Amino acid sequence: MKNIHRFLLIFFLALNVMPVFASGDEHAEPASQETHEKEKFEPGNFIMDHIADSYDWHVFSVGDFHATMPLPVIVYSQHSGFHMFMSSNFHHGHSVYEGFSIANEGEYRGKVVEMVNGHEVRPFDISMTKNVVAMLISMVILLWVFISVAKSYTRRKGKAPVGLQSFVEPIIIFIRDEIAKPAIGEKTYAKYMPYLLTIFFFIWLNNLMGMVPFLPGGANVTGNITITMVLALFTFVITSVNANKSYWKHIVNTPGVPWWLKFPVPLMPLVEVMGVFTKPFVLMVRLFANITAGHMIVLAFVSLIFIFGQISPGLGYGTSVVSVLFVVFMDMLELLVALIQAYVFTLLSALYFGMATEEHH
């Protein structure tokens, strides 16, 4: 417990640096009420715009008024140098500021671009997008929780847990006794506990925050492929660095396999080497796909209200009853999925660590 807050700082530093290279989308707001009335509802754009990252944080809407929290746009252009300004200068994607704008279509749709010789060029973008800010918020929450609990252990050594400590301790013990020890082993499990606890609580907290439709929730952090990629890379690097000789020998020269599967064509070594890279890939895709799919299903049910409402207002109102019931059901299911996905990612990471450090006799 005494080392986990140090690991958290390193962990979140890497997480907050990587996703900015794929910084985000914000759907363009209609220029006027007349335009809004003429526009046909596009469920695909509606869903993708809500699960994508963005350069500002939507707070609430009243009619045609959209309250948003602007975020810092930080870009470096090879043509004009370093720029830093607030996303409010884009006026919901309708304005050009210092030669930069948010692309409304094409390859860079929803991202900051610069017009150079009539072509959209993507600058080096390290902006503070909604996902980055959401991760910083979760970082503050987790650091506060773990530091508070660690201090409580120090002050109340040998006493029964109280308050926040009584909530966190059973989860920590569960991860230690039901995940780390069985998967990694009694001798070496403690070495990996800070990382396992960090990814479990990080994924779980951000899954839950992503279900909250208002600040500081609403960001689709674990549904962003770059963020799940960084999480999977952490597991991959830790596994590779700590792997023992038996692990690498098993990959290069798998015991018990007929020689003709190793020579002259090294079929089995190729399969094993591919497995080294497919494991973190599966971790990345599983978390991303499950969280994104959940959000998309909820938004699809909401979209049905507007789709049928365009046909007939009565149909829209009738559909809304069924859609809301399904949304409530899906949200309850998402609460379970949020916990399960954190558990699965942590369990698989522990299993990979255990396979890499297991002593073969």
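How many helices and strands does the secondary structure of the protein chain come to? The chain comes to ten helices and eight strands, where helices (H or I, at least four residues) and strands (E, at least two) are DSSP runs numbered from the N terminus. The model is predicted, with local features needing pLDDT of at least 70 and side-chain atom pairs counting only at pLDDT 80 or more, while totals for chains, interfaces and linings use all residues. Residues are numbered from 1 along each chain as its sequence is written, and side-chain values use heavy atoms, with hydrogens and water left out.

Of the 361 residues in the protein chain, 43% are buried (buried means under 20% relative accessible area, exposed over 50%, partly exposed in between, with a 1.4 Å probe and protein chains only). Among contacts (heavy atoms within 4.5 Å) with a separation of 6 or more, 68% join residues 24 or more positions apart.

An open sheet is formed by three strands in the order S4-S3-S8, with antiparallel pairing; two strands pair if DSSP finds at least two bridges between them. Strands S4 (81–86) and S8 (124–125) are the edge strands, each pairing on one side only. Strand S3 (residues 72–77) is joined to S4 over six bridges, and Val75 has His83 in S4 as its bridge partner.

Residues up to four places away in sequence aside, Leu196 touches Ile175, Ala180, Ile184, Thr346, Ser349, Ala350 and Phe353.

The axes of H5 and H10 come within 7 Å and cross at roughly 35°; axes are lines fitted to C-alpha atoms, for helices over the stretch in contact, and angles run from 0 to 180 degrees between N-to-C directions. On the H5 side, the contact is made by Phe174, Ile175, Ile179, Ala183 and Ile184. The H10 side includes Tyr343, Thr346, Leu347 and Ala350.
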